[in-house]
Amino acid sequence: MRLIGWALLAVALVLGGFEAGRSLRPEQATAAPSVCPYSGGGPPFAFQSFEADRTRSLYLDAQLLAAANQLFPDDPEFALPPLETGSARIEDPEAGIPPQIIHAIGWIESKINQTHIDVPYGNLGPTLLSFDCGYGIMQITSTIDNDGGLPSRYEALVGAHFAYNIAAGARLLVEKWNEDELFPVIGQSDPAYVESWYYALWAYNGWAISNHPRGPDVDPFRPQPYACDDARNGYPYQELVLGCIINPPEVDGTRLWEPLPVSLPSLEELSTPGGPLGLDRYYEGLDQWYAGLGGPPFAAMGFELPGGALPHDSETGDIPHEFDSLRTQVLGEPEILFETREIDLGSTLQSGGAVLQIGNAGGGLLPWRVVELPDWITAEIQAGSALGNSYGFDPIPSRLRLNVSSEGALPGLRHSRLRLEFLFPDGRIETRTVTISLEKQGAAFYKAGSPQS
Amino acid sequence: MLVRLLSTRASGWWRRRAVRWLALLALPVIGLLLGLITPVGTTELEFGQRDRQPPRLLAGEFHDTHSTLWLVPADDLNGKRTRLADVPHAPGWDLEAMPAPHAPIAAVLSLPPSGWEPRTQAVLDLISEGDIRRMATGLDLMAGAIWSDDGRHLLVRRGDSLLILDTGTGRPSAQWTPAGLGSPYAVAMRGTTVWATTIDAWGTSLIELAVNEGVISVESRTRIADGITRDWTLSPDANLLAFGAQSGTDLAVRVTSLIDGASDPPLLLSSASDQAMRIAVSDVSASGGIPDSASPVWRSDGGLHFGSWNAEAPDPSGFTLPISWDAGGEWLALRSFSGTGPGHPGTERAAVRSPAGEVAHANDENLRLFGWWSE
C-alpha cells in the first residue's frame with residue numbers, strides 16, 4: 001500500500017513537471033524593434049505623444065489642413081512643396097491633395113492612431129512604432145534617421161505631435177507625386193483627380209512588385225473596390241487606399257468621411273503585355289533604373305485618366321474655407337509650464353530616477369525635445385508633448401524620467417546640464433536648462449536654470 | 001548536509017531517506033524537461049478506420065482584430081461548427097491556414113496584433129483542438145505555409161529564403177536562398193525532395209531541391225513559363241506539375257511534365273461541366289494551357305480539377321474555383337463567385353460540392369475555407 005502511494009506521488013510529480021514545462025515555453029510575441037536597419041541603422045527613438053478621442057475628428061481636421069497646405073505653410077520642413085502639374089509639370093503653389101487621400105492613407109497605415117494601441121484615448125503615451133520603424137499616424141519611416149543620437153527638430157515633431165506627423169506624410173506623398181523623373185504619370189498630372197495619384201500612392205508604400213496590380217502576390221480574384229473593412233490580404237497598397245476613399249470606414253457607426261467615387265484603372269485594358277500596367281513594363285523599368293540609363297525608367301507605365309474620373313475641388317463639400325480658425329483649433333496656443341525646483345536624487349535614484357514634469361498652461365500640444373544630455377545620464381524619452389486644456393480633455397503634463405546611465409558616473413562631484421527645447425506651432429523655439437550635479441557617493445541634486453531663449 | 005547524509009559515515013536510515021527525497025525531487029524536474037522538449041500533437045502518419053461521417057473543413061471567420069478557426073461539416077456549412085481557436089491578429093490582416101495532411105493540426109500564419117508588416121513579421125502557430133504552439137516568427141504572411149507529405153515539415157518564407165521547419169523541434173532543419181532576383185515560393189515537399197518556384201522578369205522557374213541532413217542542394221532548375229504563375233500543385237505521382245499561368249489579364253491552367261516521356265495523360269475535369277476530358281500533357285503545354293481557367297487541384301486518382309469561366313457568355317450562377325479534394329476524393333471545397341471572371345469576380349462565398357455533385361454555399365460571407373481536416 002505504501003509502495004502504491006509512493007508510485008502515485010511519483011506519477012503526479014512527473015506530470016506536474018511536464019505541464020509546467022509546456023507552459024514555460026516562451027511566447028514569441030512581437031516586440032518593438034531594437035534597430036532600424038532601413039532608416040539609420042540605430043535604435044528607434046523613444047517618443048511620447050497624445051492620443052486624441054476615438055472619433056478621430058481632430059486628426060481628420062489636421063489632415064484637411066495638411067492636404068491644402070494650411071497646417072504649416074511657412075515651415076520649410078513641413079510645408080507641402082508645390083505640386084508639379086500639367087503636361088509640362090509646372091509648379092502650382094495653389095494645388096493641393098484631395099483630403100480623402102490623406103484620410104485613407106492614415107487609416108490604412110495606423111487606423112489613424114498616433115500612439116501605441118494600449119494608450120487610452122485622451123492620454124499621453126508611447127508613439128506608435130512599427131516593425132520597420134515607422135512612426136505615428138502616417139508611419140513616417142524614410143525621413144527619420146535612427147542613428148542612436150538625439151532627435152532633430154523634424155524628428156521630434158514627427159514623433160511627438162500628430163499634426164506634424166500628418167504634415168510629414170502629406171509632404172512625402174507630394175514628393176512622390178513630383179518625382180516624375182522616376183515614377184510614371186497619369187493623364188495630364190492634374191492633382192484634383194484622385195485617380196491621378198495612383199502611382200504616388202504605390203510609391204508611398206514602396207515601388208515594389210508586391211504592389212503591382214498584376215503581380216504574383218495579389219489575388220487575381222479580389223473583389224473591387226476594396227471594402228475598407230475587409231481583409232487586406234491579396235490587395236496592392238494603392239487599391240487599399242482607393243478602396244477606403246470609395247468606402248470610408250466607420251467608427252461607432254459613423255462614417256469618418258464622405259465617400260468619393262473613384263474610377264479604378266481598367267486592368268483588362270491596361271495590363272496586357274506591352275500595356276502600361278503590364279508586368280513586362282514594370283520589369284523593363286527596373287532594368288533601366290538599375291542600369292542607370294537615361295530618361296524616366298517607368299515612363300511607359302503612364303496612362304490616361306480612367307473613364308468616369310471626376311476632378312475633386314479641395315474646397316468643396318464640407319471642407320471649411322476658414323483655415324485659420326480650424327488651424328487654431330487643431331494646434332492651439334501652448335504655453336510652457338516648467339517650474340524651477342530642486343530634487344534630492346539620492347532617494348529618487350533608488351526608486352527609478354528623477355522625473356521632470358513638463359506642463360502646458362495654454363492649449364493644444366506643447367512639443368519638446370532633449371537637445372543636450374550628459375553622457376552619464378539617460379532620458380527615458382527623447383521628445384514628447386504636454387497637453388493643454390484642449391480637445392475636450394484636461395491638461396496632462398509630460399513626464400521625463402532621468403537616471404544615471406548603465407555605465408555609471410566617475411567618482412567625485414560632477415556638474416552637467418540638460419537642455420530642453422520647446423517647439424511652438426508658430427515656429428518659435430524656447431529652451432530651458434537644467435543643471436544636474438552628482439556626487440558619486442553622496443546625494444545627487446539638480447536645479448532648473450533660467451530660460452535662455 | 002546533503003553530502004553528509006549521503007556519505008558513508010551517515011547511518012543507513014538517513015541515507016535511504018535522503019535518496020528517497022532526492023528521487024522525489026528529481027521526478028518533477030524530469031517531467032519539466034520532458035514538457036519542454038516533447039512536441040505537441042503528432043507528426044506521425046495516422047491510419048484509422050474510414051470515417052463514415054462527412055469530412056470536416058478547416059474554415060476561418062475573419063474579423064478586424066481577430067479571426068476564428070472553425071471545423072465545419074462538409075454537408076452542413078451553415079450548421080453546427082466546432083470552434084478550434086480564436087486567433088488575435090493585426091487589424092485588417094486575415095490568417096493563412098493549412099491543415100496537416102494526416103493529423104488534426106493546422107499550420108496558421110498570422111500578423112500579430114502589434115505587427116504592421118505582413119511580409120516580415122508574420123508568426124506561425126501549430127493549432128490543434130485545445131493547443132496552440134508557436135513555431136516561428138519573422139515570416140512572410142503572403143507566402144503561406146506548405147506541409148510536407150508526411151507532416152514532419154513545414155515550408156515557409158522568411159525574407160528571400162525558404163525555410164524548412166521541423167514540426168517536431170520547431171527549428172529550421174534547412175534553409176535555401178535562391179541566387180539572384182526573385183523570392184522563392186514553396187510548392188511541395190515529399191520525402192527529402194522540395195519543389196519551389198522563383199519568379200523574376202523572365203518568368204517562372206521550378207527548382208527541385210534535395211534535403212540531406214540540413215544540407216540543401218539544387219537538383220534541377222526548369223523554366224516553366226515566361227510570365228507569372230501561381231497555384232502550383234504537384235500530381236500524386238509527382239510526375240506532373242499543374243499551375244495557373246498569367247498573361248496580362250488572361251489566366252490559363254497549364255500542366256508540365258517533370259519527367260521526360262511521362263505517360264498517363266491527366267484526366268481533366270472542368271468545373272463548368274463534369275464531362276471528363278483526356279488531354280495529353282504535351283497538348284496542354286504546347287497550346288499555352290486551358291484558357292480562362294485557374295486554380296488547378298489534383299484528386300487522389302490523378303485527375304485534375306480547375307475553375308473556369310466564360311467572360312463572353314457568362315454563367316448567371318457565376319463560377320467556382322476549387323480549393324482541394326477531401327482525402328477520399330468525394331467532396332470538393334470551392335471558392336464561389338457571383339461574377340464573370342477575374343476582372344469582375346462579384347461576391348465571393350465559401351462552397352462545397354458533395355459526392356452527388358450538389359454545390360452548397362455558406363451564408364456567412366466572412367467564412368473562408370482552408371482545406372480538409374484530418375480526423
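## Largest cavity

The largest cavity has a volume of about 100 Å³. Of the 13 residues lining this cavity, A:W177, A:P184, A:V185, A:S196 and A:A200 lie closest to its centre. The model is a predicted one, and it holds 6 cavities of 30 Å³ or more.

Two helices of chain A, α5 (162–178) and α6 (198–205), each supply at least two residues of the lining of the largest cavity. By residue class, the lining of the largest cavity divides into 8 nonpolar, 2 polar and 3 charged residues.

## Packing of α2 and α10

Two packed helices are described by the angle between their axes and the distance between the axes. In chain A, helix α2 (residues 57–67) and helix α10 (residues 323–331) have axes that come within 10 Å and cross at roughly 135°. The crossing of α2(A) with α10(A) is left-handed.

## Residues at the helix contact

Which residues of α2(A) meet α10(A)? On the α2(A) side they are A:L58, A:D61, A:A62 and A:L65. Their counterparts in α10(A) are A:F323, A:L326, A:R327, A:Q329 and A:V330. The residues of this contact between α2(A) and α10(A) comprise 6 nonpolar, 1 polar and 2 charged.

Methods:
Residues are numbered from 1 along each chain as its sequence is written. Chains are lettered from A and ligands numbered from 1 in the order in which they are written. This is a predicted model: local features need pLDDT of at least 70, side-chain atom pairs count only at pLDDT 80 or more; totals for chains, interfaces and linings use all residues. Side-chain values use heavy atoms; hydrogens and water are left out. On a 1 Å grid over the protein atoms alone, a cavity is a set of points where a 1.4 Å probe fits but cannot get out, and a pocket is an open set with protein on both sides within 12 Å along at least five of seven lines; lining residues have an atom within 4 Å of a point. Grid points are joined across faces, edges and corners, and a volume is the space filled by probe spheres set on the points. Helices (H or I, at least four residues) and strands (E, at least two) are DSSP runs, numbered from the N terminus. Ala, Val, Leu, Ile, Met, Phe, Trp, Tyr, Cys and Pro count as nonpolar, Asp, Glu, Lys and Arg as charged, and the others, Gly among them, as polar. Axes are lines fitted to C-alpha atoms, for helices over the stretch in contact, and angles run from 0 to 180 degrees between N-to-C directions. A crossing is left-handed if the near helix is turned anticlockwise from the far one by less than a right angle, and right-handed if clockwise. Contact means heavy atoms within 4.5 Å.
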